[in-house]
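Here are my notes for your first look at this model. Please read them with the structure open.

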Amino acid sequence: MKVRIKKWNAVATWKWDIPDDDVCGICQVHFDGTCPACKYPGDDCKLLSGKCGHNFHEHCIMEWIKQDTAKGQCPMCRQAFEWVNPSNNDTSSLEGQQSEQDY
Amino acid sequence: MADQSVFRITKELSDLQKSSDLSLAVAVKDVDVRNLKALIIGPHETPYEFGFFEFAFKFNKEYPRKSPSVTATTTNGGRCRFNPNIYASGKVCLSILGTWRGERGEEWSAAQGLESILLSIQSLMSSNPYENEPGFEDANEALDKKNQTEYVQKIRHETLRISVVQRLEEYLNIGADGAVVAPVSNKDNYELDIDNTIDDESVPFEPFKDLCKRRFLWYYESYLAAIEKANTQVRDGQSFTRMPFEGTNNTMEGKFNYTELERRIRNIKKVLDEETEKWAEEGLEAKIKESTVAVNLQRQFEQIRESFKRSDLPHNLELHDNNPFVWILTYFGKPMTNLDGGLFRLKIHFSPRFPEEQPRFKFETRLFHHRIAPDGTPCYFSPQSRQEDAKSHIEAVIEALEEENPAYDPRTLVNPEAFKLYWGGPDDRKMYNRRLRRSVQQSME
């Protein structure tokens with residue numbers, strides 16, 4: 001028997017490369033879900049990993065860290081929050097990032 | 001975009017309501033999750049023990065970036081400062097709330113939340129609150145020692161008077177003379193549940209009424225024991241000592257009167273027992289009217305009875321007086337345990353407002369057990385998600401009874417004598433077992 005495939009739909013699943021059943025410490029939503037502001041998980045609602053080992057939705061941690069009262073600290077461990085840059089595995093501190101944006 | 005803060009509050013709320021922490025409760029009115037009420041039950045071995053302390057939470061749109069505002073509402077109308085950090089005005093001084101200068105690392109963070117705030121407040125309610133006051137942490141002069149003792153003594157008194165007695169008297173409409181004042185609301189109204197719930201803005205939001213009543217029945221003996229102990233330390237008419245940190249309008253003033261408190265506590269118990277009895281009368285009326293609750297209970301009764309038969313359980317269930325609101329459960333002690341051979345009769349009263357008001361169980365057969373109060377009230381927890389399911393209550397009572405290696409939990413202290421023996425040394429435990437078995441044996445006679 002010969003089968004001719006006319007059309008096919010590929011389906012794939014993905015998950016963030018972080019430990020299971022972990023929730024965002026700020027919105028307390030599972031990382032498989034989005035932050036409360038977004039509709040779909042994925043590139044539109046990225047995760048941000050801190051050097052201290054704590055992960056958050058990017059939107060959540062940004063909302064927190066932009067406040068003066070946050071003093072640039074991780075909400076979980078209160079160390080200075082520096083994130084691990086996913087593209088070049090470089091680390092950058094927030095201050096650096098923000099001043100770049102200023103200019 | 002829906003309000004982000006609402007998602008998180010809703011989640012925290014349902015997590016807390018699902019948890020089995022017996023000393024915390026939270027509730028919101030309808031859909032308004034931004035205004036929340038919380039109840040903290042005073043911790044064991046502190047002057048706040050088994051008191052009912054209520055707090056009002058307000059969450060703004062910036063939550064969790066900003067902390068909520070928290071106000072203590074158990075303050076005797078703004079007249080009582082229960083703790084160096086819990087003011088008469090209701091202000092709660094806590095560094096994570098930003099109402100107190102905190103050390104570095106103690107301020108609010110987005111990772112904090114409802115539960116961590118409640119636990120922080122609970123930790124203020126310590127066995128020696130005097131040292132909560134800044135500058136008094138290590139105060140150990142003779143005068144401080146004396147103050148510490150006297151502070152604990154007056155907190156104990158006011159915890160019983162304000163957080164327990166006043167609250168329960170209000171719930172039960174008990175007047176100054178100890179008699180029950182007839183409620184103003186029309187009694188025939190409760191059938192019209194639907195109409196009732198719609199425009200009841202005038203009715204104050206009291207989500208912890210039934211909880212506090214049930215807990216009062218658990219802790220009744222502990223309250224009496226506390227009074228007995230206090231009577232050896234202070235005398236009636238003696239004035240409270242003012243603490244050096246207590247100022248004008250932010251203090252705890254008054255006189256001891258444990259004789260009066262004991263009378264009022266015993267009266268509350270009597271009125272509560274009468275209330276339970278009254279459910280039976282109301283129930284018979286509801287049965288004639290074929291109210292939804294009556295029909296529901298009748299059906300649940302028949303199903304549970306059937307399920308006992310089907311699963312070969314020896315327990316028996318009957319209606320008392322053919323009333324679907326009063327059940328009689330005969331429980332047969334589990335073989336190969338201390339309860340083996342025992343035969344116990346329990347009366348289960350249901351409220352015409354079930355499941356809003358939860359059933360009240362009472363052992364009619366006397367049983368010496370650390371989870372059964374001397375008046376026969378068992379201390380059990382049924383999952384909050386299944387409270388409309390009568391069977392889950394029965395199963396939870398049996399589980400509490402048969403539990404072989406319970407974790408130490410002073411919040412289950414409903415029978416001070418049995419609890420002390422159960423958790424004492426090996427000799428005490430032996431004594432406990434002996435007395436339990438003796439009461440099991442007596443149950444067969």
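1. The sheet. Chain B holds an open sheet of four strands, in the order E1-E2-E3-E4, with antiparallel pairing. Two strands pair if DSSP finds at least two bridges between them. Helices (H or I, at least four residues) and strands (E, at least two) are DSSP runs, numbered from the N terminus.

2. The edges. Strands E1 (24-29) and E4 (69-72) of chain B each have a single partner strand, so one side of each lacks a neighbour in the sheet. From one strand to the next, the twist averages 25 degrees.

3. How to read the model. This is a predicted model: local features need pLDDT of at least 70, side-chain atom pairs count only at pLDDT 80 or more, and totals for chains, interfaces and linings use all residues. Residues are numbered from 1 along each chain as its sequence is written, while chains are lettered from A and ligands numbered from 1 in the order in which they are written.

4. One strand pair. Strand E3 (residues 52-58) of chain B is joined to E4(B) by four bridges, and the two run antiparallel. Look for B:Phe55, which stands opposite B:Ala72 in E4(B).

5. The helix on the sheet. Helix H2 (residues 114-124) of chain B packs on the sheet and touches E1, strand E2 (32-41), E3 and E4 of chain B. Its direction makes about 30 degrees with that of E2(B). Axes are lines fitted to C-alpha atoms, for helices over the stretch in contact, and angles run from 0 to 180 degrees between N-to-C directions.

6. The chain contact. Twelve residues of chain A are in contact with twelve residues of chain B (C-beta atoms, placed from the backbone, within 7 Å).

Technical notes: Two residues are in contact if their C-beta atoms, placed from the backbone, lie within 7 Å.
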